[in-house]
Amino acid sequence: MMKTSGRRGQQLLLSCLAFLFLFKWGDTGNALYKDPSQPISVRVKDLVGRMTLEEKIGQMIQIERSVASADVMQYYKIGSVLSGGGSEPAAQATPQQWVDMVNEFQKGAMSTRLQIPSVYGIDAVHGHNNVYGATIFPHNIGLGATRDPELVKRIGAATALEVRATGIPYVFAPCVAVCRDPRWGRCYESYSEDPEVVKSMTDMIFGLQGQPPENHTKGFPFVAGPKNVAACAKHFVGDGGTINGIDENNTIIDYKGLVRIHMTPYFDAIYKGVSTVMISYSSWNGMKMHANRFLVSHVLKKQLHFKGMVISDWQGIDRITSPPGVNYSLSVLESVGAGIDMVMIPFNFTDFIKDLTAHVKGGFISMNRINDAVRRILRVKFATGLFENPMADLSPAKHLGSKEHRDLAREAVRKSLVLLQNGKSGSQDPFLPLDKNAPKILVAGTHADNLGYQCGGWTETWQGLSGNSTIGTTILTAIKSAVSPSTEVVFEQNPDANYVKGKGFSYAIVVVGEPPYAEMDGDNLNLTIPLDGGNTINNVCASLKCLVILVSGRPLVIEPYIASMDAFVAAWLPGSEGQGVTDVIFGDYAFQGKLPRTWFRSVDQLPMNIGDKQYDPLFPFGFGFTTEARNPSLRLGFEILS
């Protein structure tokens, strides 16, 4: 009897323990977090209460697709995967290949105990730029020239559809940096030197994520539905103000100036419901942003009431130390302690797991900090609808590179062009619009027939490519389509001075500029026209009436060549739709773009921005001649937009 009674007691105890385990950790079939009728706050609280430390740390990890697999996702409980610049499932991958890859990783995540879906992220900074055949919109500097937030919102919505076409629900955009020095290699990712212009362009968030309802609580992440994606305001904060424009360097400014110039766009981004914020590689007054607890936890999270997810940049925590990664354990401690929720690792995730686990168990990072990170990550996942629809499908595939989106990109190009000169100095006769019926036209320059140069960095690969690397229309092809069938168009990339003489050209169109670059590879202290562009201008414009079109991510040294030009247009980095250029230069549409940044005379003046006491630019901020469609008369004068 005693033995039997003892066994029954043990069985009862085991049954009770099993019940408690199932209640807390086990069967989740009727769990609150799986009930879409429950408020997100209730679902988050329920799910966090069921998670182990291992599962929580897994959610804080974002790894590169090249080291991901279904097994990795399941075993390590990984919360997120990304594509680095140019990282794709196959060369010129189709939407089917993208969706299959994303779903394969998701199957691993959904095989975990709690079935927490992963979130896939990608840079979509001027359209879905990693993907072959996507519509490539003008880079942000060109969009800043449009002064058209509604246009930017429509571009955001189109980009979201193209990203969803490949099964991806999260983009690292928009960049809301305020570039204060064009020597910075990321200046084209900035809408303007003016924080008010940048602030207005945060309407991109409404396009990407959808418009929040009136009763939406400000500061909380929001994604309207399956046609939208979670957005990311980046890079917090001060990345556009570094010394001499050196990428990832130090921004020296007092707190009041940091708020007035660099933090201004974040106020609107958070108000508009941006889901995530990415931290900058740069430092503020000597302190790395990835370790800045005051700005990340106190200002961003508490003062600005941001309730979404804070994510690091690519290997951003490694850069806390010098050289990067020399003390990875310290980098983990400092970055998570500062308030970063998800870490873009992207490769050595097992080291991160080991170090963060040790810091928590050693009492150096509190469970409150871990729980805060996980709550924010889960809020974004619930808001994005991943728990209800974790698997991607191909229904949006028709939107990738669609005619509707290419027409929108073409509209953006023509609105972004800035006419800086129209007629030689002292002449009252405007040179533009060009004659479509001219007998013979010379087209010259490295950028006339190079789609990769036209699109710039962050296109197909991180640094961009030369040549016809994606689907689109070069400026040369657009010119040939725009002119009369009887017009002879002659292309000579680098003509010498003798070539242009005596050949009966009516006029010339010279298209020169910068080759593609991204981030620190674009840092440039001299800003002269590369690829022998200056000589091409001189050789052609000395003998022919000429229009010079500059394809660049920023103003370049142009003053030495202005006198020889009959017209000068800043085309920025227009993207895949070259017809937007010809729409305007031939007069079918009006020029309306305004300079989004000051055009300096000499690099010795830099940094120089609107409002500076010493301000003597070649073309001031806001400059841009306006024309009337199909009307050769020029409305002289310009306006300064402040």
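**Figure 1. The largest pocket of this predicted model holds about 450 Å³ of space.** Its lining is made up of 28 residues. Nearest the centre of the pocket lie R164, P226, N389, M391 and A392. By class, the lining has 15 nonpolar residues, nine polar ones and four charged ones.

**Figure 2. A109 sits in helix α5.** The relative accessibility of A109 is 1%, so this residue counts as buried, the cut-off being under 20%. Leaving out residues up to four places away in sequence, A109 touches M73, Q115, I116, P117 and S118. L356 is 247 residues from A109 along the chain. The C-alpha atoms of A109 and L356 are separated by 21 Å.

**Figure 3. Residues 52-380 carry a domain annotation from UniProt.** The record, an unreviewed entry, names this span "domain: Glycoside hydrolase family 3 N-terminal". In the model, the span is 40% helix and 10% strand. Its end C-alpha atoms lie 20 Å apart.

**Figure 4. E189 lies in the loop between β4 (170-171) and α8 (195-200).** Is E189 buried or exposed? E189 is buried, because its relative accessible area is 2%. Residues up to four places away in sequence aside, E189 touches N140, C175 and W458. With W458 there is also a polar contact: the two side chains are joined at 3.2 Å.

**Figure 5. Helix α11 spans residues 293-303.** Which residues of α11 are buried? They are L295, V296, S297, V299, L300 and K301. At the start of α11, N292 reaches towards the backbone of F294. A side-chain oxygen of N292 comes to within 3.3 Å of the backbone nitrogen of F294. After α11 comes H305. The phi of H305 is positive, near 60 degrees.

**Figure 6. S552 is found in the loop between β16 (546-551) and α19 (559-562).** S552 counts as buried because its relative accessibility is 1%. What does S552 contact, leaving aside its neighbours within four places in sequence? The partners are E514, W572 and L573. The side chain of S552 also has a polar atom 2.7 Å from the backbone oxygen of R554. Q74 is 478 residues from S552 in sequence. In space, S552 and Q74 are 45 Å apart, C-alpha to C-alpha.

**Figure 7. T626 belongs to strand β18 (residues 626-628).** With a relative accessibility of 15%, T626 falls under the 20% cut-off and therefore counts as buried. Which side chain makes a polar contact with the side chain of T626? The partner is K594, at 3.2 Å.

Definitions and conventions
Residues are numbered from 1 along each chain as its sequence is written. This is a predicted model: local features need pLDDT of at least 70, side-chain atom pairs count only at pLDDT 80 or more; totals for chains, interfaces and linings use all residues. Side-chain values use heavy atoms; hydrogens and water are left out. On a 1 Å grid over the protein atoms alone, a cavity is a set of points where a 1.4 Å probe fits but cannot get out, and a pocket is an open set with protein on both sides within 12 Å along at least five of seven lines; lining residues have an atom within 4 Å of a point. Grid points are joined across faces, edges and corners, and a volume is the space filled by probe spheres set on the points. Ala, Val, Leu, Ile, Met, Phe, Trp, Tyr, Cys and Pro count as nonpolar, Asp, Glu, Lys and Arg as charged, and the others, Gly among them, as polar. Helices (H or I, at least four residues) and strands (E, at least two) are DSSP runs, numbered from the N terminus. Buried means under 20% relative accessible area, exposed over 50%, partly exposed in between (1.4 Å probe, protein chains only). A polar contact is a pair of N or O atoms within 3.5 Å; within protein, one must be able to donate a hydrogen and the other to accept it, and residues adjacent in sequence count only if both atoms are side-chain atoms. UniProt positions are given in the numbering used here, feature names are shortened, and annotations may be inferred rather than shown by experiment. Contact means heavy atoms within 4.5 Å.
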